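Please keep the structure open while reading.

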Amino acid sequence: MERRHQKHNQELETESARMHHVTPPAIYFGVFAALMALTAVTVAVAYADLGWLSTPIALVIASIKAALVILYFMHVRWSTHLIWVVVIGSFVWLGVLFVLTFSDYLSRGITLA
Amino acid sequence: MSAEAHTGKEHHGHPRLQHHFESMAQQHEASSLGMWLFLTTEILFFGGLFVAYTLYRWLYYDAFIAASEHQNILLGGINTAVLICSSLTVAMSVYFSQTNRQRALVWMLVITMMLGLAFLGIKAVEYHEHFEHHLVPGDHFQLPGAPHLAAQAQMFYVLYFFMTGLHAFHMVIGLGIYAWLLIRAVKKEFGPEYYSPIEAGGLYWHFVDIVWIFLFPLLYLIGRHQ
């Protein structure tokens, strides 16, 4: 019983340490600078002649920016696995929404035989 | 609030610890998890509009390019910067709660709200421009330079107004949340042991920023070089 109690207290302490993970302001300012720089890059890329690559590049830059916000500003990097599952699950469902919709629309002209 | 006083005595814990949680850390995690589950529904909520945008852009590609050329890229870019600045002040509000810097926390919340209002003000100027240039879908819609694409270009502006309008609506709700956080911060209710509302409000604000991070290239930048 005593051991169980001790173990329980240890768990609470590690839980507490995780809750009190204080992200240093230097990381916040670094992410802020990266987001500003990537915004400038995405505008520059829009004016450059990259043909069909323009949109994929713009979306990749936007995805990197979103990942930076989620991992650092939203603290997911230091969050529990449960929160990781929910975050990743969100985008899996978004993927399902896109894939099922477009597997319909993009295949409408296709006929067999 | 009597329930809180009661549990405070029973657990010898923080007065903000609700009776159904074992520790402040558990309560904090439950709060963040709940917020993330809400954001999952938000991602799919906006996701529907992004699917519609993708589909119509595929169907009406030339019209979307022509329509997006009438966007004010400078104001859209400034608004992107304004939102990134506000995300920084939101992140710093969590830091100042954790380090118990009460005055700095209040300032971060005030600056966040001012940046949010600046965003909405700039958005209002843009909407005003669209009205003046007959870019609002309906009988008076005009697309100078490509009148033959006007019918399809209206679909771009339908999606533009829906997506940015829903986004702006979220900003208004965010301002309401931050007004509530500000009042509580002025009363010094937050600190290293208890800052879950600051964290959860921040998750919401950052999510709204992420939506704009995708809206800006898709609605403003697609037609720049064709």
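A:S103 is found in helix 4 of chain A. Helices here are DSSP runs of H or I with at least four residues, strands are E runs of at least two, and both are numbered from the N terminus. With 9 C-beta neighbours inside 10 Å, A:S103 counts as exposed. The cut-offs run on other C-beta atoms within 10 Å: 20 or more is buried, 12 or fewer is exposed, and in between is partly exposed, with C-beta atoms placed from the backbone. A:S103 and A:V76 are 27 residues apart along the chain, and their C-alpha atoms are separated by 32 Å.

The model is predicted: local features need pLDDT of at least 70, side-chain atom pairs count only at pLDDT 80 or more, and totals for chains, interfaces and linings use all residues. Residues are numbered from 1 along each chain as its sequence is written, while chains are lettered from A and ligands numbered from 1 in the order in which they are written.

Chain A has 4 helices and 0 strands. Along the sequence the pattern reads α-α-α-α. Of its 113 residues, 20% count as buried.

Contact means that the C-beta atoms of two residues, placed from the backbone, lie within 7 Å. Nonpolar covers Ala, Val, Leu, Ile, Met, Phe, Trp, Tyr, Cys and Pro; charged covers Asp, Glu, Lys and Arg; the others, Gly among them, are polar.

**Loops and one helix residue of chain B**

Most residues other than glycine have a negative phi. B:N100 is not a glycine, yet its phi is positive, about 60 degrees. B:N100 lies in the loop between helix 4 and helix 5 of chain B. B:K188 also has a positive phi, near 60 degrees, and is a residue other than glycine. B:K188 sits in the loop between helix 6 and helix 7 of chain B. B:L74, by contrast, belongs to helix 4 of chain B. B:L74 and B:L115 are 41 residues apart in sequence and 17 Å apart in space, C-alpha to C-alpha.

| Residue | Other C-beta atoms within 10 Å | Class |
|---|---|---|
| B:N100 | 14 | partly exposed |
| B:K188 | 12 | exposed |
| B:L74 | 11 | exposed |

Two packed helices are described by the angle between their axes and the distance between the axes. Axes are lines fitted to C-alpha atoms, for helices over the stretch in contact, and angles run from 0 to 180 degrees between N-to-C directions.

The axes of helix 4 and helix 5 of chain B come within 8 Å and cross at roughly 165 degrees. These two helices are therefore roughly antiparallel, a class for angles over 145 degrees. The crossing of helix 4 and helix 5 is left-handed: the near helix is turned anticlockwise from the far one by less than a right angle. Their contact divides into 18 nonpolar, 7 polar and 2 charged residues.

Helix 6 and helix 7 of chain B have axes that come within 10 Å and cross at roughly 160 degrees. Helix 6 and helix 7 are roughly antiparallel. Their crossing is left-handed. From helix 6, the contacting residues include B:Y160, B:H167, B:H170 and B:R184; from helix 7, they include B:P197, B:Y204, B:W205 and B:W212. By class, this contact has 15 nonpolar, 5 polar and 1 charged residues.

**The nonpolar core**

Which residues touch the most other members of the largest nonpolar core? They are B:A67, B:A91 and B:F156, out of 74 residues. Such a core is a set of buried Ala, Val, Leu, Ile, Met, Phe, Trp, Tyr and Cys residues joined through C-beta atoms within 7 Å. Helix 7 of chain B gives the most, 16 residues. Not counting residues up to four places away in sequence, B:A67 touches B:L143, B:A153, B:F156 and B:Y157.

Key:
Parallel < 35°, antiparallel > 145°, perpendicular 65-115°, else oblique.
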